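Trainee: I would like a close look at one part of this model. Please take me through the packing inside, step by step.

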Amino acid sequence: MKKFTIFMMLGLFIIPTLSLFAGGQKDAEIKQPEAEKKMVIRIAEQVPNLITPGAWDGQAFSLNSSIYDYLIEMDSATGELAPALATEWSSKDGKVWTFKLREGVKFHDGSAFTSKDVQFTLERTQDPDLGHLKAKDFAVVKSISTPNDYTVIITLKESLPTFQYSMTDYNVAMLSSDYDYSKLGESAPMGTGPFMLKKLIPKESALLVKNSNYWQPGLPKADELQIYFVPDIDSSVSLLEAGKVDIVPQISPLIKQRLEAGDGFKVVSPYQESRFIAMAMDREPFDDNNVRLAFKYSMDPEILAKACQGTLNKEIYYNETPIVNKLAQYKDISLRGQDIKKAKDLLAKAGYPDGLTVEFYYASDHPYGKEIAQTLKELTAPAGIVLDLKGFPRDIYLSQYWMNAPLLLTGWGVRVDPSMLLMLAYHSEGPWNESHINDPEVDDLITKIKSEVDDAQRQEYYDRLQEVFFERGTVINLQVPYLVGLSDAVQDYRQPITMLSQLKYAYIK
Amino acid sequence: MKTILLHLKNNPLAILGIMILFLWIFAALFGPALLSYNYTEMDMEHQMTTPGEYGHLLGTDALGRDVFARIIYGSRSILTVALMTSLVSSIVGILIGFTAGYFGSLVDTFFLRAMDILMAIPPLVLSMVVLGILGDSSFLSLTLIVSIAFTPATARVARGALLSCKGSEYVDAARIRGESHFIIMFVEILPNTIGPIIVEITARFAYSIMMIASLGFLGVGLQPPTPDWGMMVIENKSIIRAASWTVLYPSLAIASLVIAVSLFSDFVSKVMIHEK
C-alpha cells in the first residue's frame, strides 16, 4: 500500500505537468513510405464492414465507393448529377426510363459491364431472401428490358419523375451478374470501381490497389488505399496526428478544434447531415400533439447550435421538418422561438400539469450525440419535461433501441432527392420510420411528391408537407456539418451529399 | 483514542490524507449549497472560458458548464458509489469468506472455486462486460457491479482472518457453550479479526474510486450529465490543447482523493495490524 501511495503521489505531480505541456509538443510529421514510390492514401474508418451494397447499412463508405461504381454520381462541386456508368438517361413521362450505358467499362475480373449487370443489380433489390434496403423503392419497377448491351429500359408501375436520383443511392452500386454471391460471398467483391480489393482482414484493415483499367482516364490518382478499421474516433485521430493515417471521416466538432490547433491538418465539411430528434407518435407521451408542441416550444435553436460548436444558420441549421434547409425543396418557415410558458400550458392541456419524465435514447459515441442530448435536457427542464438520458455506443443503440423508443436522436445522411428519405422514414410503411408517424395526410403528400411530374405542383406538395410537420410533426431536424479530418498532404478530397467519398480524385502532395 | 492520536501525531502523511479526505467529504455534503452555478448550467456566452474568468473559478467546458461546480457535484457521486461499493463488497465478502472458512470441506471448496473464477477475470473487464450487457449505468447498477468485482478479494481476506482464529480456545469455549454457528462467527470471531478486515475495507475504498473513475473514463460509468470525474476527463480529452483545465482539474480531483484514501488506509493498517 505504501508503494502504491508513493506511486500515486508521483502521479499527482506528473500527470498535471504532462497535461500542461501536452499541447507544446510539435506534432509528428506525416511521412509516406519511402521504400516504395507508390502513392498510398491511408484512411481510418470507424465502420469495420465490407458489405455488398443493399444487404445492410453498416458498410465503410470509403471502401465500397472505391470498389463499386454507380450509374449516376454527383458532382461534389456543383451538386448536380453527373454521368458515371450511365452516360445519359431520359424519360418523357417519368414512367419509362432509358439509361444509356458507358461502353468499354470492365469489372475487376476483366469481364465487360453491360445492361445485364444493371438488370441483375436492380432485380436483386426484390430478392425476398436478401432483405434489400431499397426493396420498397424499387418495388415500383414493373419491368426491365435490355435491347442491347448498352441500353436499359426501366418501366415503372407509376410515374416517378425523380427516379434517376435512386441510382445515386449508396445501396445501388452496380454489381456483376457473373459473380456468385452465394458461393464467394464477399471474398472477392466484383465492381467496376477505381480500386480493387487486394486484401481484407476482417475488423482490422483492407488494402485496395489501383484499377488500371478504370474507365475514367487519369483516375484514380493514388496507387493504393490502405483502410484501417478503428472503431474509436479518438484513436483514429491519434493515428492521424501521429502521421499513421491521412484521412479520418466523421470527426466531432471538438476534435475539429483539436486538429485545427495543431500543424499539418485540415478539416473539411463536404456536406450537412441531419440529427433527427424523433418523437414516437404511437407512444405516450408523444402520441399527443400538445406534448410534441410543448417539446418544440422548449427548444432554443441558437443554444443548440452553440452546443454543436457552431452558429445558427451558418454551420448549424434547425427546422421541424425532414427537409434540410439547404435543399431547394425546403420551405422557409419562421422558427417558433422558445416559449416556456406556452410549453407548460400545452403540457397541462395534454394532462401533464406537473410535467413529465421521458427516456431519451442516443448514440453516445456519434459526433454531436452527447452535446445535443445534454443540451436538450437543459432546454426542456424549465418546461417541466425531464429527459432521462440513455446513451449507448452506436452499435448497441442501433441494434437494441433505435426504432423502439419514445424519444431518440439519430444521425441521418441527406438524400439528394428528399422523397427518398420521406419514403424511408416518414411514410407510415417506411422501413426506417423511427418516429412511427402515421398521418394519412403525410402519407398522401409523400405519395404525391414521389409521382408528381410537374415541378411546381411537386413543390406545392413539399410546402404543404412541411407545414403539416410544423403543425403536428414528429421530428426536430438539427443539421450539422459532416466533418472529415485530413492531413495537409491530402489533396482534392471529394465527398458529395450522397455520402460516398470519391477517393479516385484524391492524391498525396 | 489516545493511541490513535499518538499515532497521528507521528504520522504527518496520515494527517494530510485525513485532511484531504475530510475536505472532499465536506465538499460533497455542503459544496453544492455554496456554489453559484449548477453542474448542468450552460453559459453559452462563455464556452471554454479560462479559469478565473467570468466568475468561473476553474473555467468552463465546451458546453459552457462550470468545471468547479461539476467537480464539487462529482465528489458526491464518486464518494457515494465508492463508499457503497466498499461496504457492500465487504459485507458480502465477509459473509462468504467466513462461511467458507468456518464450515470448511465442500462448502469451502465451492465458495473458493467460485471466488477463483470471479478473480480470474480482471475487475475492470468484468465490470465493463456486465455494464455493457445491462446497458444502463445507474448508481445502483454501478454499485452492484463494482461490488461483485471486489467481493472475491474481500472474501479471501475474511476467510484467511477467520482461519487464523478458528482454532483458538475462545472459539472452542463458545462451541462447548452451545453457541450457534452464527454467533461464533460474527460475535466471537469477527471482533477478533476486525483489524485486517477494516484495512481491507479502506483499501477497497481507494480501489473503488479508481475503478469508478476508470469506468467513467471508458464511457460505461454514470450517464451524463452526471458529473462523473472520469467521464469529465474523457469528454474533454479532445480539447486538452484548447482548454487543458477541463482535463487537468478532474484528474487532480481523482488523484487527490485516491491518495488521501490510500494515506488513510496506510494509517489504519499501521494502527490496526502492525502495532497490534
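Mentor: Start with a term. A nonpolar core is a set of buried Ala, Val, Leu, Ile, Met, Phe, Trp, Tyr and Cys residues joined through side-chain atoms within 4.5 Å. Keep in mind that this is a predicted model.

The largest nonpolar core has 100 residues. Those with the most contacts inside it are A:Leu71, A:Phe99, A:Ile154, A:Phe163 and A:Met167. Take A:Met167. Leaving aside residues up to four places away in sequence, A:Met167 touches A:Tyr70, A:Leu71, A:Ile72, A:Phe99, A:Leu122, A:Phe138, A:Ile154 and A:Val172. There is also a second, separate core of 50 residues, which includes A:Val230, A:Val291, A:Phe295 and A:Leu347.

Now pick up A:Leu122, one of the residues that A:Met167 touches. A:Leu122 is also among the buried residues of α3(A). Buried means under 20% relative accessible area. In helix α3 (residues 115-124) of chain A, 7 of the 10 residues are buried, so the helix is largely enclosed by the rest of the structure. What do they pack against? Their partners in chain A are β5 (96-101), α4 (135-138), β6 (141-148), β7 (151-156) and α5 (181-184).

Finish with the backbone. Most residues other than glycine have a negative phi, and most peptide bonds are trans. Here are some exceptions. A:Met499 is not a glycine, yet its phi is positive, about 80°. A:Met499 sits in the loop between β18 (490-491) and β19 (507-508) of chain A. With a relative accessible area of 9%, A:Met499 is buried. A:Asn313 has a positive phi too, near 65°. Find A:Asn313 in the loop between α9 (301-307) and β13 (317-319) of chain A.

Then come the cis bonds. The peptide bond from A:Leu219 to A:Pro220 is cis, with omega near -5°. A:Pro220 belongs to the loop between β9 (205-210) and β10 (224-229) of chain A. In chain B, a cis peptide bond joins B:Pro224 and B:Pro225, with omega about 10°. B:Pro225 lies in the loop between α8 (181-217) and α9 (229-235) of chain B.

Note on methods. Residues numbered from 1 in each chain as written. Chains lettered and ligands numbered in written order. Predicted model: local features only at pLDDT ≥ 70, side-chain atom pairs only at ≥ 80, totals over all residues. Heavy atoms only, no water. Buried < 20%, exposed > 50% of the residue type's maximum accessible area, 1.4 Å probe, protein only. Helix = DSSP H or I, 4+ residues; strand = E, 2+ residues; numbered from the N terminus. Contact = heavy atoms within 4.5 Å.
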